[in-house]
Structures are given as C-alpha cells and as structure tokens.
Amino acid sequence: MKCRVCRGPAVIDLKRHNANFCSEHFVRFCHQQVEKAVGEYDMFSPTDRLLVAVSGGKDSLAIWHILHTLGYQVDGLYIGLGIEDYSDTSAVFAKDFADEHGLTLTIVDLVDEYGYDVPSGSKAARRAPCSACGMSKRHIFDRVAVEGGYDVLITGHNLDDEAAVLFGNVLHWQTDYLARQHPVLPARHGLPRKVKPLVRLDEREMAAYCVVSGIEYMLDECPMAAGNKHLRYKDALNSIEAASPGSKAAFFHKFLSQGAPFFQEAAQDLRDELAPCLTCGAPTPNEVCAFCRLVERAGGQPVQLTSGPSRQS
Ligand code: Q46
Ligand code: ZN
Ligand code: ZN
C-alpha cells in the first residue's frame, strides 16, 4: 500500500477517495479538507475570533489542532456536564491539550453555574439525557461566545454525525429540521455564526488524525449515549458505505447542493419566528426558552446573556 502523493509506505486507505496516504500526506489531506469546507461554505476568515466547543474527544481536539496549525485565532470552551467519571476524565484531556499547545480554554461547570448536572436535569425536566444535555450545551456555547466577543462558534461534528442526523430527519420527514441542517448557521439575534468545518472528514479519519498527530483524546463513549438512535443510524449508514464506498458523503453533500434549497423557505420562516427569551435573552419561538424552563424545573438558576439581544415589543 503506497501513498498517493510520495509513493512511500501508506498508513491509511481511504476507499471513498480511492487513495492511500502516508502520515505526512494524510495530515495534509485533512487540512485541505477543512480548508475546502471553510471556503466552500464561507465559514470564517483569518481575522475572525473563533471559539471551538471542546469535549475532550477526537473530533473537537482534532479541529482545534487543525485550525490552530493553519494559523487561525481559536480558543476552546469545555463544559463540565456532571456525567459520572466520563466528565472528569474528558476535562483532563481538554485541559492537557490546551496546556500543551499554549491555547486558551474556558471551562464552564453546569453544577457550579446553573445548579444541576445532565443526569439530574434530564430527570427533573423529564427529557432524554441527550436532549437536556444538547440544549444546555447550545445555551452555554451562545453565552460564552457572546460574553467573549467571538465571531464564530465551531463544533466538531464530522461527516458521520451529519449524515446520521440527515438520515433520521429523512426517515421521519422532519422538514423543519431538514430546513436547519447546514454546516453554517448564520449569526442571528446578536449570537455568533455556528459552523461545522469537519463535514468533509469522517470518524475513522479523525481518529487516525489524532493518532498520527500525537493528540491524546478521550476514547470512552459517554455512558448516556446508549440507546441513542443516531448510533443506530450510523451503523446502518456504515453497512451501506462498506458495500458502496462514497455513499455516505454523497448522501450528505448532495443533500446540501440539491436537496437543501427546497427547504430554504421553511428555514427563513423558522428564523423569523424567533425572539429573545424573556429570562435569558436567547432566541426562542416561545416567551421563555426551553433551556430556562429546564433550569427552573431542575431547581437551578438561569444566567442572563450579558450583551445579547433585547426583545422587540
Ligand atoms: S455528552 Fe450529552 Fe452527548 Fe452524552 S448526554 Fe448525550 S449529548 S451522548 S455528544
Ligand atoms: Zn506521502
Ligand atoms: Zn432562556
């Protein structure tokens, strides 16, 4: 197996690209795929201040590493979710990475700042853990990005993540979710743009990127992920991909180029319906946002977005 670029010994084969790479050229390939996604979807420019949401897992540490290596100004944000040992261990990976590379990491702890953790909050709000967790994370991403004056918030969702979400949305024809599924969510109501620069790279490639770049990351899966339907969708897509390499990327990227335009009107309608939450100021279709309702039911304390938008009356 020889590297497509230098003909030296290859360390990875990428069937959907019909290519093999050595370590050096695989790293270069990953950087190029990120630059391509950033340019294709006009995600950000070198002068933007970027904030990456870091979980301590392979994807978020890889995108932080890639963007830092490419010369972007990018800080990290880690949220302590209070999920058993998983949270304690993943925090160590995030902090060690930041220290090793001399990068700035903001840490927000759900219990310290809001008075609940994911297990207790999801029970109190009678929501699935991943629903309560996702909502909490989105709110804190917005808050820290606004308070820190960041232009763009970055998440480490990769091609497998996005294809699995698309698969679920198509299975149930959830047109409102399909309308929102895009690697760039525009800035709105004073909140930053949100982007996903890993949409051209998959899970295996991100794990390999970390290994060849010497990035230590949290290997364990979140214990609350068991039963998550997106894991089943990933398995289904992986079977199709094994039989027909390239199917997953085609499914997702052709949706963006050929399917998504059909949902644009619905996406605009959804954006028009939003107004700032009366409690925290985050955009919501209701008077009080779902996050503030969750915090209240969990017995915690909402935190106002300090320089966020004000409600038009
Ligand atoms: S951390 Fe949170 Fe994930 Fe764990 S509870 Fe679910 S959403 S699985 S990315
Ligand atoms: Zn090579
Ligand atoms: Zn709110």
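Trainee: What makes residues 23-40 a helix, α1, and what span is expected of it?

Mentor: A helix is a DSSP run of H or I with at least four residues, numbered from the N terminus; α1 has 18 residues. The expected span is 1.5 Å times one less than the number of residues, and α1 reaches 26 Å from its first C-alpha to its last, close to the 26 Å expected. The model is a predicted one, in which local features need pLDDT of at least 70, side-chain atom pairs count only at pLDDT 80 or more, and totals for chains, interfaces and linings use all residues. Residues are numbered from 1 along each chain as its sequence is written, chains are lettered from A and ligands numbered from 1 in the order written, and side-chain values use heavy atoms, without hydrogens and water.

Trainee: Why is cysteine 22 called buried?

Mentor: Buried means under 20% relative accessible area, exposed over 50%, partly exposed in between (1.4 Å probe, protein chains only). Cysteine 22 has 10%, so the residue is buried. Cysteine 292, with 3%, is therefore buried as well.

Trainee: Which residues of α1 are buried?

Mentor: Among them are His25, Phe26, Phe29 and Cys30. Their cover includes β1 (12-14), β2 (19-21), α2 (58-69) and α9 (203-213).

Trainee: How many disulfides are there, and how do you know?

Mentor: A disulfide is a pair of cysteine sulfur atoms within 2.5 Å; by this rule the count is zero.

Note on methods
Helices (H or I, at least four residues) and strands (E, at least two) are DSSP runs, numbered from the N terminus. Contact means heavy atoms within 4.5 Å.
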